[in-house]
Amino acid sequence: MLGVSDNAGFQHVGNPEDAEVVVVNTCGFIGPAKEESIETILEMAQLKDAGTCKQLVVTGCLAQRYADDLAKSLPEVDHFLGSSDMLRLAAVLQGKAPRVQVGNPADYVQSSQDPRLLSQRGYSAYLKIAEGCNRRCSFCAIPSIRGLQRSRSVRDLTAEAQRLADQGVRELNLVSQDTIAYGRDRDERPDLSDLLESLGTVSGIEWIRLHYLYPETLKPRLIELLRDHPRILPYIDMPLQHVSDPMLRRMRRGHGGDRIYKVVERLRNALPDRVFRTTFVVGHPGETASDFEELMRFVAWAEFDHVGVFQYSHEEGTHAGDMEHDVDAAIALERCERLMDLQREISRRRLSSRVGERLKVLVEGISEESELLLEGRYWGQAADVDGTIYLANGSATPGSFREVLVTAATEYDLVADMLSEDGVHDTPEHITFEGSVHTASAHTAIESRPRVRLPVL
């Protein structure tokens with residue numbers, strides 16, 4: 001939608017108060033996200049009276065699921081677009097569109113020819129490799145919102161990756177609803193390894209990161225690429241959701257806890273220098289105290305690097321939405337907090353083990369914490385969800401890779417000194433801001449903050 005509006009000659013502004021057209025891209029996946037979407041719509045609607053807003057557009061999954069109801073209850077909204085109607089924004093901006101344009105998601109697959117405007121900080125970009133999902137997890141409404149899986153071709157994805165690289169992108173983050181199943185729906189039957197090998201040839205891309213691998217048996221070829229390919233990071237993002245056999249059955253995950261233990265152990269052995277991110281759902285209907293304690297023991301055993309925890313949310317149209325034996329919301333919240341407390345200590349311990357280590361870091365720019373610091377990420381930190389390395393004592397250009405020496409760790413973040421090319425501390429005498437080269441002048445303590453990091457949906 002940014003690309004569409006850019007092609008139409010619109011200028012993007014940082015504050016909605018300054019905009020003539022406001023587009024609210026909504027989520028309809030879980031209750032809290034839907035509530036936040038509605039609150040944002042109502043807040044933006046006030047700008048039609050108090051600001052410069054002339055058109056208010058609501059898009060995304062909430063509009064896809066509830067278009068008719070929203071159109072009746074929100075007369076202040078000028079246009080509704082669904083979760084796959086991004087390109088229809090062009091007609092809206094031209095003043096030639098009906099009020100409700102909500103199509104069938106199954107009719108849309110993103111293309112490398114679609115307009116795109118980069119908005120990510122730090123020379124990193126998402127590459128969406130497929131739409132939809134064929135799985136039927138009990139708690140998930142995504143298949144009903146986005147339809148069955150539709151994978152893009154290797155050729156089209158490689159073309160988009162090269163275009164992104166030509167714009168300065170250094171890191172690709174591959175996303176979809178079910179990344180491990182990439183290509184199974186296509187006639188030529190490419191698999192994820194085929195795609196990775198092709199993307200690995202794109203000039204300018206140095207890091208390729210996988211998100212949302214379903215916990216099924218991984219093919220040896222994929223593990224070899226994760227272990228040996230210089231551009232494909234040994235970063236595992238695998239939403240496990242639970243480990244108790246009764247809960248996995250109720251969640252309709254298609255496997256038991258034994259498979260999860262075996263997958264984690266196999267990845268431990270095959271990728272000793274890996275980083276593992278996962279997510280869990282607590283408070284799903286039927287979850288007993290015993291089920292939750294088993295999950296706690298598993299997390300303590302696995303020692304994941306990054307964990308996100310969702311408190312279960314009832315969703316209409318899902319199998320779990322009709323289940324009995326609801327878990328009290330207060331109990332579910334307590335379980336969420338206990339699990340995050342456990343993971344917080346694990347995260348602190350694992351990050352502390354990197355103090356004294358030299359790491360390759362993608363520099364993103366001046367830190368939001370202090371203008372005296374830069375910040376970036378090492379390969380084990382995904383954008384938006386995993387944490388940051390605060391960089392002191394050195395100069396760097398955003399988008400460059402620098403070697404750093406880790407000097408401190410908190411629960412979720414690292415602090416490091418930048419090193420010069422000969423491997424010694426690169427300590428400037430004063431702060432300078434010359435061109436695009438930014439300088440961090442002093443080692444500033446970063447306090448630990450009790451943040452709960454959740455995955456991008």
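Visitor: Which helices and which strand do the buried residues of H12 pack against?

Guide: In this predicted model, the buried residues of H12 pack against helix H10 (245-250), helix H11 (257-270), strand S11 (275-282) and helix H13 (329-352). Helix H12 itself comprises the 14 residues 289-302, which at 1.5 Å a residue should span 20 Å, and the distance of 20 Å between its end C-alpha atoms agrees with that expectation. The residues of H12 that are buried are Asp-291, Phe-292, Leu-295, Met-296, Phe-298, Val-299 and Ala-302. Because they cover an arc of only 165° around the axis, they lie on the same side of H12. An α-helix has 3.6 residues a turn, so residues three or four places apart point the same way. The face of H12 turned away from the buried side carries Ser-290 and Arg-297, which are exposed. Just after H12, Glu-303 takes a positive phi of about 50°.

Leaving aside residues up to four places away in sequence, His-284 touches Ser-138, Phe-139, Met-247, Arg-250, Met-251, Tyr-312, Ala-320, Met-323 and Val-327. With one of these, Ser-138, the side chain of His-284 also forms a polar contact of 2.8 Å. By contrast, Thr-179 is 105 residues from His-284 along the chain, and the C-alpha atoms of the two are separated by 24 Å.

How values were computed:
Residues numbered from 1 in each chain as written. Predicted model: local features only at pLDDT ≥ 70, side-chain atom pairs only at ≥ 80, totals over all residues. Heavy atoms only, no water. Helix = DSSP H or I, 4+ residues; strand = E, 2+ residues; numbered from the N terminus. Expected span 1.5 Å × (residues − 1). Buried < 20%, exposed > 50% of the residue type's maximum accessible area, 1.4 Å probe, protein only. Arc of directions from axis to C-beta. Contact = heavy atoms within 4.5 Å. Polar contact = N/O pair within 3.5 Å; in protein donor to acceptor, adjacent residues only side chain to side chain.
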